[in-house]
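Here is a note for a colleague who is meeting this structure for the first time. Please read the points beside the sequence and the model.

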Amino acid sequence: MKRAIVTGGAGLIGSEICRRLLAEGWQVASFDVHKGQGDAVDIQCDIGSEAAVDASFSQLGWDRVDLLVNNGGRTPSITMELAQSTLKDWNETIGSYLTATFLMSRRALPLMAEGASIVNMASTRAFMSEGGDFMYAAAKGGIVSITHALAIALGPKVRVNAIAPGWISGATELRAVDHSQHPAGRVGRPEDISEAVLYLEGARFVTGQVLIIDGGMTRKMMYAE
Ligand SMILES: NC(=O)c1ccc[n+]([C@@H]2O[C@H](COP(=O)([O-])OP(=O)(O)OC[C@H]3O[C@@H](n4cnc5c(N)ncnc54)[C@H](O)[C@@H]3O)[C@@H](O)[C@H]2O)c1
């Protein structure tokens, strides 16, 4: 049975990735500060802490990992003013996303055999901004970069790719315009991302890539009329 670790497995997208991998017959562990739901092995861990990551891998006790999905992290307010922003928010954002991607990948690597892979969760905000999202954009830009760097460092044994989601929602009460503004005709769903994780896990000739899953929003000209 193939084994996957998913960080942020208690959240919206992470819980769907866990569910889908379990449905495909994988053994799955969720590393999250919060308790997850479902049948994944639940490891409560602050993924931005070196000591917690080491202790969590020991607690899990696996001798093999086939897939690591670096998905978890804490998103700060994306309407933040630079002048009022705090170093605490910056450190939490970079720590829980970018440092965690480094710590988790470093710890998983010795457990990975030929053919294993890493999927990092970036964001379309690594490429486009609304202004108040500068901390998040910086963390996600770092994730795009560590993806291509590790793809070169770890190939051909381990492939490393990223997904850059656009707006992904589990909510049912969205406005018609929320959907219709997307070239694909709707807001994204967590299943759109779990599908991409499975694709990248199996795509043996794909490494160092960022798969943008945003319903076409970053391909749309948005100048005022
Ligand atoms: N939902 C979207 O529209 C969207 C868009 C682009 C990118 N993303 C990315 O997708 C991923 C998942 O997003 P989501 O919408 O499911 O968010 P979410 O907030 O529902 O889930 C994130 C999970 O990470 C966990 N987490 C936070 N800090 C942690 C830490 N230090 N240690 C361990 N766990 C920690 C949280 O407890 C939570 O369960 C994130 O990387 C996010 O940036 C989401």
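This is a predicted model: local features need pLDDT of at least 70, side-chain atom pairs count only at pLDDT 80 or more; totals for chains, interfaces and linings use all residues.

1. Residues are numbered from 1 along each chain as its sequence is written.

2. The protein chain has six helices and seven strands, where helices (H or I, at least four residues) and strands (E, at least two) are DSSP runs numbered from the N terminus. Read from the N terminus, the order of these elements is β-α-β-β-α-β-α-β-α-β-α-α-β. The chain is as compact as a globular protein of its length, because its radius of gyration of 17 Å is close to the 17 Å that the globule rule gives for 225 residues; the radius is taken over C-alpha atoms, and the rule is 2.2 Å times the number of residues to the power 0.38.

3. Around the ligand there are 24 residues, of which Gly8, Gly11, Leu12, Ile13 and Gly72 come nearest; a residue is near if its C-beta atom, placed from the backbone, lies within 6 Å. Helix H1 (residues 12-23) gives the most to this shell, with three residues.

4. The largest nonpolar core has 49 residues, and Ile5 is among those with the most contacts inside it. Such a core is a set of buried Ala, Val, Leu, Ile, Met, Phe, Trp, Tyr and Cys residues joined through C-beta atoms within 7 Å, and buried means that 20 or more other C-beta atoms lie within 10 Å of the residue's own (exposed: 12 or fewer; partly exposed: in between; C-beta atoms placed from the backbone). Beyond its neighbours within four places in sequence, Ile5 is in contact with Ala29, Phe31, Val65, Leu68 and Ala108, contact being C-beta atoms, placed from the backbone, within 7 Å.

5. Which residues of helix H2 (residues 50-60) are buried? They are Val53, Ser56 and Phe57, and they line one face of the helix because, seen down the axis of H2, they fall within an arc of 100 degrees, the arc being that of the directions from the helix axis to the C-beta atoms. The face turned away from this buried side carries the exposed residues Ala51, Ser58 and Gln59.

6. Leu211 lies in strand E7 (residues 210-213) and counts as partly exposed, because it has 18 C-beta neighbours inside 10 Å. Not counting residues up to four places away in sequence, Leu211 touches Asn161, Ile163, Ala196 and Leu200.

Terms used: Two residues are in contact if their C-beta atoms, placed from the backbone, lie within 7 Å.
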